[in-house]
Amino acid sequence: MDAAEFRKRGKEMVDYVADYLEKIDKRQVFPDVEPGYLRPLIADCAPQEPESFEDIFKDIEKIIMPGVTHWHSPYFFAYFPAASSFPALLADMLCGGIGCVGFSWAASPACTELETVMLDWLGKMINLPQEFLAGKDGQGGGVIQGSASEATLISLLAARTKTIRRVQSEKPELTEAEIMGRLVAYASDQAHSSVERAALIGAVKIKNVPSDDTFTVCGSALKKVLDEDKAAGLIPFFFCATLGTTPCCSFDKLLELGPICNKENIWMHIDAAYAGSAFICPEFRHLLNGVEFADSFNFNPHKWLLVNFDCSAMWVKKRSDLIGAFKLEPLYLQHHHQESGLVTDYRHWQIPLGRRFRSLKLWFVLRMYGVKGLQEHIRKHVRLSHQFEHLVLQDGRFEICAEVVLGLVCFRLKGSNKLNEALLKSINEAKKIHLVPCHLREKFVLRFAICSRTVESTHIKFAWQHISQLATDLLKTWEQNHQQE
């Protein structure tokens with residue numbers, strides 16, 4: 001493919017993507033395929049001779065689309081918003097076209113410097129304390145990670161290194177292995193599984209801190225666990241607070257937890273992967289109060305801020321904590337500006353060496369929507385979640401299982417877990433809308449997340465009418481079966 005054909009095919013692909021997104025509501029939200037559907041549709045091995053673009057293009061609808069779950073459908077209410085917008089897609093085209101691998105400032109100065117500035121822009125939008133911003137001479141700063149899971153892992157590993165060095169300076173008789181064996185990380189029992197996975201990769205113990213009746217961790221619960229572990233000779237070193245838990249979007253009490261972590265020399269990382277985007281709205285910013293006690297903070301613009309995956313924003317108070325944990329300087333990566341104090345080499349802030357020009361997506365979206373446009377996007381989703389909550393509360397057969405704060409409604413039929421499992425199965429088998437469940441304590445709960453950029457009130461009403469009718473049908477069958485028993 002030469003440049004001339006690329007121009008032609010590129011326009012065709014832009015038209016295809018635009019048509020796909022404009023008409024996505026006409027597609028079945030969840031595919032009708034079984035595992036292994038794709039292999040019989042394609043050859044056993046790569047072709048020896050080139051194939052035409054026309055043939056490849058035809059196979060998109062024939063082979064790929066039948067197996068796609070349409071995350072951007074207004075009938076997709078599962079997991080979390082998977083943000084996307086036309087400005088972000090255009091920025092990703094430019095990112096691919098430039099094709100730099102931005103592991104250092106010298107590898108592509110614009111890639112590094114735009115990222116630093118964009119994370120400062122984003123930090124100011126959510127009113128992060130000045131300590132987290134790079135500015136012209138700050139000690140903190142932001143970085144784009146691939147996911148919140150990576151941000152949690154990076155912060156845990158940095159905390160581990162920092163704690164080992166501190167304990168060795170205080171007790172030189174202890175070996176690194178002895179210290180490692182006593183380190184303990186903590187997170188809410190509602191925290192995302194990626195926190196436990198980070199501890200697994202980091203080879204340290206992790207313990208769940210019990211949440212209260214509102215699925216929130218408070219200071220007294222953390223202090224109790226810390227006191228027990230310190231008495232047992234263990235070394236608490238890391239706590240991951242969650243703002244907007246995955247099951248029900250609950251918020252840990254930062255103003256209680258932060259001072260305890262600071263006093264105990266525990267690194268506090270805040271995972272606000274889903275909810276963090278909402279902090280650009282002044283009416284939701286109070287949910288971030290207490291971030292001033294944290295060592296690191298993360299949220300995902302690729303979840304709710306119209307920036308497509310992957311774009312996970314992470315800030316640290318002291319970038320030296322990251323660089324000190326991960327810095328290696330082989331000759332082939334060195335450049336003459338690296339020790340000038342004027343540049344950032346993001347390879348020291350992340351797991352992989354290479355990185356894409358991801359800040360272009362933020363730059364395009366923030367400029368083309370503006371803060372006010374993005375605030376309205378968040379507010380619209382929150383309004384729609386309360387509309388769905390209101391519909392649920394009007395039906396006495398159902399119950400709301402957690403406070404509805406930001407765009408997520410946890411609900412269920414009053415009755416057994418098996419009844420609600422059957423309801424979810426019937427919803428997803430019908431394939432008109434798509435939901436996923438969670439467990440809240442011992443209850444099987446249905447999660448209804450406002451996801452699509454294009455979702456409107458009519459889609460919410462349709463979804464509820466569909467759920468309500470399926471519930472009616474299910475309850476009739478359920479009652480008949482139980483009468484027969």
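In the predicted model, Leu 114 is buried, with a relative accessible area of 16%. This leucine is part of helix α4. Leaving aside residues up to four places away in sequence, Leu 114 touches Phe 357, Ser 359, Leu 360 and Trp 363. By contrast, Lys 205 stands 91 residues from Leu 114 in sequence, and the two C-alpha atoms lie 38 Å apart in space.

Helix α4 spans residues 109-125 and helix α12 spans residues 359-393; their axes come within 9 Å and cross at roughly 25°. Because angles under 35 degrees count as roughly parallel, α4 and α12 are roughly parallel to each other. The handedness of this crossing is left-handed.

Helix α8 contributes Gly 219, Ser 220, Leu 222, Lys 223 and Leu 226 to the contact, while α9 contributes Glu 256, Leu 257, Ile 260 and Cys 261.

Backbone geometry was examined next. Phe 215 has a phi near 65°, a positive value in a residue other than glycine. This phenylalanine is placed in the loop between β3 (205-209) and α8, and with a relative accessible area of 7% it is buried. A positive phi is likewise found at Lys 431, a residue other than glycine, where the value is near 60°. Lys 431 belongs to the loop that links α13 (417-430) and β10 (436-440). Lys 431 is buried as well, its relative accessible area being 16%. A cis peptide bond runs from Phe 309 to Asp 310, with omega near 5°. Asp 310 sits in the loop between α10 (301-304) and β7 (312-316).

The structure contains zero disulfides. Cys 410 takes part in no disulfide, and the nearest cysteine sulfur, belonging to Cys 438, is 4.5 Å away. A disulfide requires a pair of cysteine sulfur atoms within 2.5 Å. Cys 410 counts as buried, at 1% relative accessibility. For Cys 451, the closest cysteine sulfur is that of Cys 249, at 12 Å, which is too far for a bond. Cys 451 is also buried, with a relative accessible area of 5%.

At the level of the whole protein, the domain assignment gives domain 1 (3-77), domain 2 (100-356) and domain 3 (370-483). The centres of domain 1 and domain 2, taken over C-alpha atoms, are separated by 37 Å.

How values were computed:
Residues are numbered from 1 along each chain as its sequence is written. This is a predicted model: local features need pLDDT of at least 70, side-chain atom pairs count only at pLDDT 80 or more; totals for chains, interfaces and linings use all residues. Side-chain values use heavy atoms; hydrogens and water are left out. Domain bounds come from an automatic or database domain assignment. Buried means under 20% relative accessible area, exposed over 50%, partly exposed in between (1.4 Å probe, protein chains only). Axes are lines fitted to C-alpha atoms, for helices over the stretch in contact, and angles run from 0 to 180 degrees between N-to-C directions. Helices (H or I, at least four residues) and strands (E, at least two) are DSSP runs, numbered from the N terminus. Angles under 35 degrees count as roughly parallel, over 145 as roughly antiparallel, 65 to 115 as roughly perpendicular and the rest as oblique. A crossing is left-handed if the near helix is turned anticlockwise from the far one by less than a right angle, and right-handed if clockwise. Contact means heavy atoms within 4.5 Å.
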